[in-house]
Amino acid sequence: MTDTKQSLVILGSTGSVGQSTLKVIQLHPEKYDVVGLTANTNVNDMLAQCRQFKPQTVVMTEAQSAAELSLLLAQHGMSDITVESGADALTKLAAESAVSTVMSAIVGAAGLEPTLAAVRAGKRVLIANKEPLVMTGDLFMREAEASGAVILPIDSEHNAIFQCLPEDQSQRAVRKIHLTASGGPFRGRPWSDLQNITPDQACAHPNWSMGRKISVDSATMMNKGLELIEAAALFQISARKVEILIHPQSIIHSMVEYVDGSFLAQLGAPDMCIPIAHALAWPDRIRSGAETLDLAAIAQLDFHTPDMTNLPCLRLAREAADAGQSAPAILNAANEVAVDAFLQKKIRFTDIASVVADTLTAMPVTPVNSLENVLNIDNEARRVACASLESRLI
């Protein structure tokens, strides 16, 4: 990396990944210039971020939130910060010519269009949200190749794989990729015993601090299924070469197995600041602010294979990965609808898998050949998933 400052936009700056990104940037103000921040409706946190990092532009999802923020910024003498709202403003900011680097950390399908806009504009894209790659797969990577965009993964697992692959990211000598998973808060418990799990229980992850949607995905193990699909697309490898391995300590973040029998693994504390710092500085290294490992204190690392018969969401994700084409986009949309309903206490925890299964069964698998095509599939899957919810409302 050169001594020139990276001009950075953070899509989803008030979420957990966005906040961790700003923590790392705080340690290196000479390297990074925060020119744009975006959030959904969290006006208070955005105000605090504006006061500290003084971006040129802020985008809020809703017009009302943008108006509230504008008023507060004026009261604090920061009227020079441009405040905009809506999806079009997000996409415009992500592709802005003055921006060199985009951290894509918007959870869910909402992050697809601005992330793809950054890719098409040839940016250095730090991708923390799985959905763009899950929904579009090869289409996303073809766009990156055409524009010359640099895609750097932020998910701890994909960042670990990136670090363990050859510098040219070649797959020639790779036998398998092993994605590690903590197993979530209900590891080892029968799925049938989880009917009365509450949202707070599902969000109480034993190792990681994450947003509520991702925490629920971790509890159902859908998160690992989405990561499997993402890994296949990102590293251009068959989904059948991606294996899941339960590793409760979350110390080894993933491994690459080579044809000669070698395994390369990346280890680190379960702290998102580590992969964020890696991607921000790549190909260099900078301090992340995370604690270093004390392997002697950890003493033991455990591994076992997941019981797919007891993990219906992971099984459905594997089936969608095998089917390819539109199946991953359908899976993702149905899961978002179901998880949102569960967080609102409209359905039971175990109904999440049922809604996803109903949607996958009801919709045909079709080719994915354009962004418009993907968005139409996403919309239809959400409609079908909502219909499935109706018979399961508590």
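1. Start with helix 8 and helix 12: helix 8 passes helix 12 in a left-handed crossing (left-handed if the near helix is turned anticlockwise from the far one by less than a right angle, right-handed if clockwise). Axes are lines fitted to C-alpha atoms, for helices over the stretch in contact, and angles run from 0 to 180 degrees between N-to-C directions.

2. Keep in mind that this is a predicted model: local features need pLDDT of at least 70, side-chain atom pairs count only at pLDDT 80 or more, and totals for chains, interfaces and linings use all residues. Numbering runs from 1 along each chain as its sequence is written, and side-chain values use heavy atoms, with hydrogens and water left out. Helices (H or I, at least four residues) and strands (E, at least two) are DSSP runs, numbered from the N terminus.

3. Who meets whom there? On the helix 8 side you'll find Ser156, Asn159, Phe162 and Gln163, and they meet Pro275, His278 and Ala279 of helix 12 (contact means heavy atoms within 4.5 Å). By class, that contact has 3 nonpolar, 4 polar and no charged residues (Ala, Val, Leu, Ile, Met, Phe, Trp, Tyr, Cys and Pro count as nonpolar, Asp, Glu, Lys and Arg as charged, and the others, Gly among them, as polar).

4. Helix 8 also lies across strand 8, strand 10 (252-258) and strand 11, at about 40 degrees to strand 10. The open sheet has 4 strands in the order 9-8-10-11, with mixed pairing (two strands pair if DSSP finds at least two bridges between them). Its edges are strand 9 (242-246) and strand 11 (263-267), and the twist averages 20 degrees from one strand to the next. Strand 8 (residues 174-181) and strand 9 run parallel, joined by 5 bridges; Leu179 stands opposite Ile244 in strand 9.

5. Over at helix 4 (residues 87-94) and helix 5 (residues 112-120), the axes come within 8 Å and cross at roughly 25 degrees. The two are therefore roughly parallel to each other.

6. Last, Ala109, in the loop between strand 5 (101-104) and helix 5. Ala109 is buried, with a relative accessible area of 14% (buried means under 20%, exposed over 50%, partly exposed in between, with a 1.4 Å probe and protein chains only).

Methods: Angles under 35 degrees count as roughly parallel, over 145 as roughly antiparallel, 65 to 115 as roughly perpendicular and the rest as oblique.
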